[in-house]
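Please read the following report with the sequence and the model side by side, following each named part as it comes up.

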Amino acid sequence: MTVIKTKINRRSFLKTSALAGGGIVIGFNWGCTPADMARPEASAWYEVNAFLTIADNGEVTIMSPNPEIGQNIKTSMPMIVAEELDVNWEDVIVKQAPLNTESFTRQVAGGSQSIRSSWTILRTAGATARKLLINTAAKEWQVDPSGITTENGVVKYGKMTMTYGELAAKAVMEEIPEEVELKDPKDFKIIGQAKKNVDLDGIITGEPLFGLDFKREGMVYAAAMRPPAFGTKLKSFDDSDARAVNGVSDVVQFGNKIAVIANSTWAAMKGKNALKAEWERDGKLENTTDHDRQLLRMLDTPEKEPRRNDGNVRRAFANADKVIERVYEAPFLPHNTMEPMNFFADVTDTKAELIGPIQTPQWTQGRVAQLLGREAADVTIDMTRMGGGFGRRLYGDFALEVAEISDKIRKPVKLVFSREDDMTAGTYRPASKYKFRAAIKNGKIDGYHLTGSGVNSGNVTRQNWFPAGGIENYKVETHNLRSNITTGAWRAPITNFLAIAEQSFFDEVAAEIGMDAVQLRLDILERAKNNPVGEIDYEPEKMIGVIKLAAEKAGWGNAPSGISHGFSCYYSHNTYVAEVAHVTNASGGPKVARVTCAVDCGIVINPDAAINQVQGGVVDGVGHAMYGDFSFVNGTPQASNFDKYRLIRAKEAPEVDVHFVESLNDPTGLGEPSLPPAGGAVANAIAKATGNRLYKIPFIKEEIVFG
Amino acid sequence: MPVYSINVNGKSRQVDVDADTPLLWVLRDTLDLVGTKFGCGIAQCGACTVHLNGNAVRSCSLPVSTIGDNEITTIEGLSENGDHPVQSAWREHDVPQCGYCQAGQMMNAAAFLSRNSNPSDEDIENAMHGNICRCATYNKIKAAVKTAATNM
């Protein structure tokens, strides 16, 4: 049991009331069917704290504070509250909380950190309410609260019982406990049990859940034309044809962009396509071929101050029996969320109301306030369910655009990106390249030298992660190429390609020195665990754990005839993952049939949903390694829709079998960490199956392998 | 603007829209049936899949003027209580992550299974190949289609 100081004070009670008054615009999402159908309707609700409200009939409403992007936190976060509150999950109704920076912390979907950073906060919220109910019952019964127990929404003392619903009205008048005890994870009843997505019924029946589905009386639609190439700006435009489109009511310029306002999405899009705009240069018109040349040159350039430099790398390479050197390359990538960017805004003289799919509501609130010259308090942001994000909805540029448009036309307006708008006005995963060198002495890696380069990427390495600490002479350098192409976080930033390159390289090294690829990694990790060289930012033992689990589950070393295995492992977002790709090589080229995946993410909150996340991350990783391809000519993106941009589909998706390390450690990230290792496992299996090594994303372009 | 009479989910609806308006936007903007999703606008992703006389079609590329008397079914009309075998299977397998593409996936699966009630794994992969799921829930989608096939 953990005793914890509560931070929930009387003030947050009052805050909750205000919050409840503000309401949720998108509406009630009924989480579950009440177990007891005979239960009377709730006639009064009592707000216990910002996270939960208890009704007189025992139903509990739990607010899910963070944006829901498909990572399923709208189910898993309330599960944590319900666990400590000790109620039946069937009695829980989940609602999306609005942005409320005083009651909630870090209302962000990003970095796979929602559960990790809220774990104790959510548990404390549930445990505090439970203790409050116990204290209330103790007063009622005139007994010592320490003798009171709870079970599934009922408070018990000897033969006396009261339900939470019966106690709720009195409980909210009581003093908030200053200390609460958290459950021993061994006693968890909800956490660790599969609970269905609370929005499942709504999704399955087509209810309006997403930003694009939101409507408001009197709302108009906007489509925007943006510069067609990075490095250009608006010179002039003729909107006469656009204004002639049936349904178009207005055309407004905002900055370098033009918005067409109409009474339907279709009319707005048609109007936008009828605009005649002229653009002029205001910066460099960049080309992928130039980036490639510059990034490669950087790989041969020493960094002034290496990120890390252990031992004597120069000497290790000078004395090596053999030096292995390889270069790996990856392009830009768009995010391609299935729901294109969109947002609603209603800007009036007194307020700016914004509603839509956003990973960063608080940051966006501040930026909208600044843009419009308003106080942050006069800007509200409500979160809808998001049709994917993968990092794209961190940036809020679409929310700023619609705020500006609404401010100009003073109407409630929904801005909708077409797929072409979405793909060509992106914040792309930056292109990057890596050069790995290994100095081999007496059949072992004596020296290791990584140089990375990327576009607008800052440090494209993770110098204190594997294999840091496990190799005596170790040097890591990085270079940044500045570009006017907008770039940003894309699911597992940096590591989404660094892992592919690194794990491909270790496979090549193992082959060159005639060693088993898994054993090579284990040897390095043993060294890092027992006698690390310098400081390291990962736990070798946990990595060893997932490696052994994946190898065992995949039958590593015993691949059946016709199947080639490729191994990969990676640590990111505080989680350890190892994967084995199973590749066939029949006519038509190699195919990834299956991926075996072992994960150590601490306590697994919701097992079925966790498996779904891991499977999705692996298939996403395989898909973008195989097909991800995006380039620029004169600043212009060379693909704008799914006819020219290939995403992985049903026939190409491998089966993924997922194995979690049993753990009582606090939960870590899960939305991203299964993605980075996937591409490396595939490359390694394909090398084994075909004898050909893949060095460049997308793999599918390697004609010698795929024809 | 011309007024079109179209049959959606068993009801006749009058819509006052331009002839070239894709069915997708008639459903979403005019009829408030927003379960059908916009993904690409060029019939490449399947998010907008509805049934036209029981066949899966991409509503983003189907102008309203071409519909005539054909019967349209959307996710909202697939079943009265959300219990079509495909919906039940999606519920059983808890398929969605973000959920945005799933209406199109289910409409596609329902039309496919109405023709092939005993599909092989390969049949399922081929049938579902036109619908992109960016969250890559393909493992669960395939499993749910299999379950639905046994319950059709």
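In strand β3 of chain A, Ala55(A) is the bridge partner of Trp45(A); strands here (E, at least two residues) and helices (H or I, at least four residues) are DSSP runs, numbered from the N terminus. Strand β2(A) is joined to β3 (residues 52-55) of chain A by 4 bridges, and the two run antiparallel, where two strands count as paired if DSSP finds at least two bridges between them. The structure is a predicted model, in which local features need pLDDT of at least 70 and side-chain atom pairs count only at pLDDT 80 or more, while totals for chains, interfaces and linings use all residues. Residues are numbered from 1 along each chain as its sequence is written, chains are lettered from A and ligands numbered from 1 in the order in which they are written, and side-chain values use heavy atoms, with hydrogens and water left out.

The open sheet to which these strands belong has 4 strands in the order β2-β3-β4-β5 (chain A), with mixed pairing. Because β2 (45-49) and β5 (92-96) of chain A stand at the edges with a single partner strand each, one side of each is left without a neighbour in the sheet. On average, and with direction ignored, neighbouring strands of this sheet are turned by 25° against each other. Helix α2 (residues 73-85) of chain A packs on the sheet, where it touches β3, β4 (60-64) and β5 of chain A, and its direction makes about 130° with that of β4(A); contact means heavy atoms within 4.5 Å, and such angles, which run from 0 to 180 degrees, are taken between N-to-C directions of lines fitted to C-alpha atoms, for helices over the stretch in contact.

Strand β24 (residues 563-572) of chain A has 9 of its 10 residues buried, so it is largely enclosed by the rest of the structure; buried means under 20% relative accessible area, exposed over 50%, and partly exposed in between, with a 1.4 Å probe and protein chains only.

Another part of chain A is Ala109(A), which lies in the loop between β5 and α3 (114-141) of chain A. At 3% relative accessibility, Ala109(A) counts as buried. Leaving out residues up to four places away in sequence, Ala109(A) touches Pro67(A), Ile69(A), Gln71(A), Ser114(A), Gln359(A) and Leu394(A). Of these, Leu394(A) is 285 residues from Ala109(A) in sequence, yet 7.8 Å from Ala109(A) in space, C-alpha to C-alpha.

Which residues touch the most other members of the largest nonpolar core? They are Phe699(A), Trp90(B) and Tyr138(B), in a core of 171 residues, where a nonpolar core is a set of buried Ala, Val, Leu, Ile, Met, Phe, Trp, Tyr and Cys residues joined through side-chain atoms within 4.5 Å. Helix α13 (residues 495-513) of chain A gives the most to this core, with 10 residues. Neighbours within four places in sequence aside, the contacts of Trp90(B) include Leu200(A) and Ile204(A), and also Met106(B) and Ile141(B).

Between the two chains, the contact takes 61 residues from chain A and 51 residues from chain B. About 4800 Å² is buried between chain A and chain B, and carbon and sulfur atoms give 56% of it; buried area is the accessible area (1.4 Å probe) that two parts lose on being put together, summed over both. Ile204(A), Met338(A) and Arg649(A) supply 16% of the area that chain A buries against chain B, more than any other three residues.
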